[in-house]
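Here are my notes for a colleague opening this entry for the first time. Please keep the structure in view while reading the points.

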Amino acid sequence: SEMSKDLMPGPYPRTPEERAAAAKKYNLRVEDYEPYPDDGFGYGDYPKLPNKSLHERDPWYQWDQPDMRHNWGEPMHWDFDMYIRNRLDTSPTPVPWHTMRKHFLIFLGTMLIMFGLGEIYPSYRPVGPKQYPFNNLYLERGGDPTKEPPVVTHYEI
Amino acid sequence: MAGDPPPTAAQAYRPNRFVSLPAELDPETYDSSPEKRRAEAERLAIRARLKRQYQLQLNNPNPPAIIEDPALIRWAYARTQNVYPTFRPSPKTSFLGAVFAIGPILFWAFVFKADRDRKEKLIQEGKYKRPFSVF
C-alpha cells in the first residue's frame with residue numbers, strides 16, 4: 001500500500017532508540033511497548049499485547065468498530081482472529097478453572113471406571129435358551145412339508 | 001507450610017491462559033497511584049489523538065473511498081510478509097521444525113513400510129485373504 005517502510009513492522013528492536021521508534025509506530029507508550037522475545041520465530045518488533053479475548057472489552061464503550069471492539073489505529077493482537085467474539089473467550093468464569101477441571105475429571109473418571117467395571121463383570125437376570133413353537137419352526141426354516149417334522153417338546157410333566 | 005497466611009481471593013482463583021482474573025479480585029483496579037494515573041492519562045491522550053484522526057476522515061464532506069486502518073495493515077503485514085525476514089534458525093526453531101515437519105514424514109513412512117512388510121509376509125506364507133475388488 002502507500003504506507004512508507006518505517007510505518008510497517010520490521011525486525012526486532014535492539015537499541016532503546018529503535019524501541020522508542022517502534023512504540024511510536026504502533027501507537028503505544030514506550031513503557032507499554034514489549035516486543036515478543038527474540039527467538040527467531042518471525043515476530044519481529046510486533047508488540048506483545050495481553051492475551052485477552054474481545055469478550056473482555058467493554059461492550060458499552062463507543063468503539064470505532066463495534067463488532068470487533070476495536071478502535072482505529074489501536075494495535076491488534078497477533079492472534080486477533082482467534083480472540084474475536086465468535087471464537088475464543090477468555091473472560092473470567094464464576095468458578096475458578098482448576099475447580100471446574102477437578103470436578104469434570106472426577107465425574108469423567110468415575111463414569112469411565114464404572115462402565116469399565118460393568119464390561120468386565122456384567123450382571124443380568126438369569127436367562128435360558130429361547131424356545132420356538134411349531135417344532136422349532138420346522139416349516140419356516142425350510143423343512144420339507146411332505147415329510148413328518150421331528151417332534152420337539154419343551155416341557156416335562 | 002502451617003505458618004503461611006491464607007491465600008487471597010486472587011491467588012485462590014489461579015488465572016491461567018484460558019481465563020483471566022476478574023476485575024473485582026485484581027488489586028490493580030483499586031487504589032490508583034499517581035504514576036498509574038499519569039500512565040492512564042498518556043494512554044488516553046494517544047487514544048484521543050487516534051479518535052480525532054479517524055473522526056476527521058469519517059466526517060469529511062468529501063470522504064475517501066476507504067478509510068484504511070494502519071493497525072490492520074501492519075497486523076496483516078507482520079503475520080504474512082514479515083515472518084520470513086525476521087526468521088532466524090535458533091535451537092528452539094530447529095527443534096520444533098524437526099519435530100513437526102520432519103517427524104511426521106519419517107513416522108508415517110515407517111508405519112506404512114511396516115504395514116506393507118507385514119502384509120507381504122502374510123501373503124508369502126499364504127495366510128492373507130485378498131479383499132474382493134469390483135474392478
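1. Start with Tyr43(A). In this predicted model, its relative accessibility is 25%. Buried would need a value under 20%, and exposed one over 50%. Tyr43(A) therefore counts as partly exposed.

2. In one of them, the ring centres of Tyr43(A) and Trp78(A) lie 4.6 Å apart. Their planes meet at 70°, so this pair is edge-to-face.

3. Look at where those two partners sit. Both Tyr43(A) and Trp78(A) belong to the loop between α1 and α2 of chain A. The pair therefore ties together parts that are 35 residues apart in sequence. Trp78(A) has a relative accessible area of 11%, so it is buried.

4. Another aromatic pair is made by Trp72(A) and Tyr54(B). This one is stacked, with 6.1 Å from centre to centre and 25° between the planes. Trp72(A) comes from the loop between α1 and α2 of chain A, and Tyr54(B) from helix α2 (residues 34-58) of chain B, so the pair joins two chains.

5. Helix α1 of chain A spans residues 16-25. Ala22(A), Ala23(A) and Lys25(A) are buried there. Seen down the helix axis, the buried residues fall within an arc of 160°, so they line one face of α1(A). On the other side, Pro16(A), Glu17(A) and Lys24(A) are exposed. The cover over the buried residues of α1(A) includes α3 (70-80) of chain B. After α1(A) comes Asn27(A), with a positive phi near 60°.

6. Ile84(A) is also worth a look. It lies in the loop between α1 and α2 (97-120) of chain A. Its relative accessibility is 16%, so Ile84(A) counts as buried. Beyond its neighbours within four places in sequence, Ile84(A) contacts Leu54(A), His55(A) and Met68(A). Gly44(A) is 40 residues from Ile84(A) in sequence, and their C-alpha atoms are 23 Å apart.

7. One charge-over-ring arrangement deserves a mention. The charged end of Arg141(A) sits over the ring of Tyr132(A), 5.5 Å from the ring centre.

8. Finally, chain B. Its domain assignment gives domain 1 (16-87) and domain 2 (89-129). The C-alpha centres of these domains of chain B are 48 Å apart.

How values were computed. Residues numbered from 1 in each chain as written. Chains lettered and ligands numbered in written order. Predicted model: local features only at pLDDT ≥ 70, side-chain atom pairs only at ≥ 80, totals over all residues. Heavy atoms only, no water. Domains from an automatic or database assignment. Buried < 20%, exposed > 50% of the residue type's maximum accessible area, 1.4 Å probe, protein only. Helix = DSSP H or I, 4+ residues; strand = E, 2+ residues; numbered from the N terminus. Arc of directions from axis to C-beta. Contact = heavy atoms within 4.5 Å. Phe/Tyr/Trp six-rings, centres within 6.5 Å; stacked < 30°, edge-to-face > 60°. Lys NZ or Arg CZ within 6 Å of the ring centre and 35° of its normal.
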